[in-house]
Amino acid sequence: MPLDVHNGLSLMDACCSQCNHKIERPCKDYITCRVNGPLCHKDVECKERRLRRISEIRNGKGGVKITVGMGSCGLAVGAGEVYHAIKKEVKQRGLEVSIVPVGCMGLCYAEPLVEIRKDGLPHAIYSKVTPENVGKILDEYLNNGDVSNAFALRSRTGNARGENKVPLLEEIDFYKYQVKWVTRNCGIINPESIEEYIAHGGYLGLNRTLKLSPGEVIEEVKRSGLRGRGGAGFPTWLKWDICRKAQGEPKYVICNADEGDPGAFMNRMLAEADPHRVLEGLIIAAYAIGATYGYIFVRAEKALMAERLEKAVDEARRYGFLGKNIFNSGFNFNVEVVRSAGAFVCGEETAMLAAIEGRRAMPRQRPPYPATHGLFGKPTTINNVETLAHVATIMAEGWEKFARYGTERSKGTKVFCITGCAKRTGAAEVPIGTTIRELIFKIAGGIREGRKFKAVQIGGPSGGCLPESALDLPIDYESLTSAGAIMGSGGLVVIDDSNCIVDVARFFTTFTMAEACGKCLPCRAGSKILYDTLSRIIDGGGLEEDLEVLENVSKFMKDASLCALGQTAPNPVLTTLKYFREEYEAHINEKRCPAKVCKKLLNYTIDKDVCIGCGLCAKNCPVEAIFKDIDGKYYIDAERCIRCGQCSMACPRGAVVKR
Amino acid sequence: MVRVIIDGKEATVEDGTTVLEAAKKLGIEIPTLCYFPNVFEEATCRICVVEDKKTGKMIPSCAFPVSEGLNVETNNERVRSDRKLALEVILAIHKIKCQSCPRKGGRCELLVLCKEYGVEGIPVCAECPLHEEDCLLANGEVCLGPLTVAGCDGICMHSNRSCEGCRGPIMRTDVIKEAVKLYSSHGITLENILVKLGRYYSSSPYYDSVVKVIAQFFNKNNKNEWFDEGDE
């Protein structure tokens, strides 16, 4: 779908014949020249035209701008149709407005989101828009100035109808506790246009970086206290410094966009909604360590993310943000986007290097670390998408503003993805050190369908399952590690009391077992043993020594696995054993599943006091295990029953009891 | 040249050598399985792990280059327990068919290590000095070798006596299945075995279940009911 929505003269083109900006002739002040009017020549008309253009990008053509959230999450619930419906409606009415597809703003539960802004009216955000009600929304907003059906407002002006009924965006719970630092452009700019990024203050960080020396850039990042957002929390400046001092030419810098955790999508969201920020961070990182070539290693399954990153790189190259002598600083840098073939282990640094080199993606023993012996044996720095986006923001805004947030040892903000049984799912950016309780109960609104909170899996399949008692833990690298979980990429899978914890542990073990590359023994065989043992417990054949087996094998995997995948794979098992041991014991000793999930441990019976003898259960039973008794009521033959649960769903009185 | 401490002994070795080689220089043996100098040095079996006293991490000695001030212990309790677990995990995925395996006796490195670390699970057949043709079973003697835990170097068979099963039974159905197949092919019946089985096995807590499993497999064998899907 063509996303070129701004016709006419682009901010990136030469404004008049006097303008001497060309790719062949790079200029130090290229970005500031674009944003703050021409600096190379004095012309009032040119300046005005530029300002007009920037205002048009920000506020839309004719003062009306309609943005449609078209990240993967939005598209999945029909934002594409909504976008076309809006286009059609606008064409029918003969309006002159900008319709801009934007990325996800983190409110995934409310997608598809449409934002309408008109000069003089409050900017209104509509949620769960369908192609059918697009016309009504446009009528209400544009013709009547009525915002009463909006989901939220960005600002209040006091002249729209129904304004007081609708909360401000900052007032809704999902937004109230957030700090929009790195996701500031998400859901606001068109991700496929470098012009929009620049009009919203983009590439100023790069502009500033290229005027500093690489040492000063590293110093700035050091002062900010930024730590790697990929999970381990290694200080970013230290990584850069080691690589900068390492011997060998050329040096490489890699952006790790191989996000694979189930329940984590912050990288996808960032790269889909604001790909140029990531690219800017990558260029800054390359300048700091002296790299001349970079790779963006992106998951092929996340097709939109890969596409947008590729587009961003193309566009940046076209306007001289990549290539030789960038902004006349003498710094050469080029980037290639590599699509991985999609294995979880590719997210591990050394496996990723192997994949880029064209070998089978398997990790290798470290040391030597990639900082000294990386891609093709040369010094290489690998940074996560979010880290690089932070770098770009830090260089633009200065380290002081970044270091305001966070805790003593972990500065800044982090995007967390909340999925599972939470009321509001999506991505929220909060300062590091926010407690898990705040994230789940304040931002995500607690558990849906009135159920009770049971556990939260933090950090994907490599993380840990934490119980209610750990909810007041501040989320930072150290306290999570001490609780047995890891920060990981920052995915929170909320688990309610309808889930069996042994089943949850088996789910995550299944994932790591399938994704293990098979190179080292502990991970390859250990995860299989964990899976087999857990399956045995779930199927009712658990032995008393099984818990010991789980603990021993987990310890061995943690100790002796080659890479972080194997070292962290037993975390879900270990943490559930630590916090929910009684549930395991109920499975093994009493052959009972407290959450009533494990089928082989369930027994269906019919409560004759409640049964009205309608026979629906017998009709629905696929194995004919339900019979009529002499008293006209029904009973279940336990030997024939396959525990499918059809009878309990069919019963109008709830007489079928699960036990 | 860098200085390293291995098991409390100090050594000066060249930069870039592995911990394994440095230990060898000091006369300290570290067991290995997958390591094959210059051919395969990928550290996949993790038998050679040693403990780094500085970081508290377990490192594979065959692929870990030494660095200045490295202090490792190669044989403390944690290392031994991890190696034991590694062997147990290997055995769990190993296809135990020692009777037909060409690596008998001292040639089986896995057996040697299992004996050293007290890991049970390999049958006496693995270390029986008698070859397949000279196997006592071939003479019709009831030998408990295929069912019994190894570790005795096969001294009975050395002196031409059949195995009495003094080290107890192996609790693995695939091993028992293999043994029953072997017995049947030599015409030895369940009754023949049961006579001998009680003598040492009866002290094992698993005696009843072992007998049950053996009987089960004999039953299946008699009815020709072998189903081999579990036999990779």
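A crossing of two helices is termed left-handed if the near helix is turned anticlockwise from the far one by less than a right angle, and right-handed if it is turned clockwise. In this sense helix H11 of chain A passes helix H13 of chain A in a left-handed crossing. The structure is a predicted model, in which local features need pLDDT of at least 70, side-chain atom pairs count only at pLDDT 80 or more, and totals for chains, interfaces and linings use all residues. Residues are numbered from 1 along each chain as its sequence is written, and chains are lettered from A and ligands numbered from 1 in the order in which they are written.

Helices (H or I, at least four residues) and strands (E, at least two) are DSSP runs, numbered from the N terminus. The axes of H11(A), residues 266–273, and H13(A), residues 303–318, come within 8 Å and cross at roughly 40°; axes here are lines fitted to C-alpha atoms, for helices over the stretch in contact, and angles run from 0 to 180 degrees between N-to-C directions. The two helices H11(A) and H13(A) are therefore oblique to each other, where angles under 35 degrees count as roughly parallel, over 145 as roughly antiparallel, 65 to 115 as roughly perpendicular and the rest as oblique. Contributions to the contact come from A:Arg268, A:Ala271 and A:Glu272 on H11(A) and from A:Leu304, A:Met305, A:Arg308 and A:Leu309 on H13(A), two residues being in contact if their C-beta atoms, placed from the backbone, lie within 7 Å. By class, the contact of H11(A) with H13(A) comprises four nonpolar, no polar and three charged residues. In this classification Ala, Val, Leu, Ile, Met, Phe, Trp, Tyr, Cys and Pro count as nonpolar, Asp, Glu, Lys and Arg as charged, and the others, Gly among them, as polar.

Chain A contains an open sheet of five strands in the order S11-S10-S14-S12-S13, with mixed pairing; strands pair if DSSP finds at least two bridges between them. Strands S11 (426–431) and S13 (464–467) of chain A stand at the edges with a single partner strand each, so one side of each is left without a neighbour in the sheet. From one strand to the next the twist averages 30°. Strands S10 (residues 413–420) and S14 (residues 491–496) of chain A run parallel and are joined by four bridges, and A:Gly420 has A:Val494 of S14(A) as its bridge partner. Helix H23 of chain A (residues 571–579) packs on the sheet, touching S12 (453–458) and S13 of chain A, and its direction makes about 20° with that of S13(A).

Another open sheet of chain A has five strands in the order S2-S1-S3-S4-S5, again with mixed pairing. Its edges are S2 (98–102) and S5 (152–153) of chain A, each with a single partner strand, so one side of each has no neighbour in the sheet. Five bridges join the antiparallel strands S1 (residues 64–69) and S3 (residues 114–118) of chain A; within S3(A), A:Arg117 is the bridge partner of A:Lys65. Helix H4 of chain A (residues 79–93) lies across S1, S2 and S3 of chain A and runs at about 160° to S1(A).

Chain B has seven helices and five strands. Buried residues make up 35% of its 232 residues, a residue being buried if 20 or more other C-beta atoms lie within 10 Å of its own, exposed if 12 or fewer, and partly exposed in between, with C-beta atoms placed from the backbone. Strand S1 of chain B (residues 2–6) runs parallel to S5(B) and is joined to it by three bridges, B:Ile6 being partnered by B:Val72. Two bridges link S5(B) to the antiparallel strand S3 of chain B (residues 49–52), with B:Glu73 as the bridge partner of B:Glu51.

The contact between the chains takes 15 residues from chain A and 18 residues from chain B. On the side of chain A, helices H20 (521–538) and H21 (546–560) each supply at least two residues. H20(A) packs against helix H2 of chain B (residues 77–93) at an angle of about 65°, with the axes 10 Å apart, and the crossing is left-handed. This contact has nine nonpolar, one polar and no charged residues.
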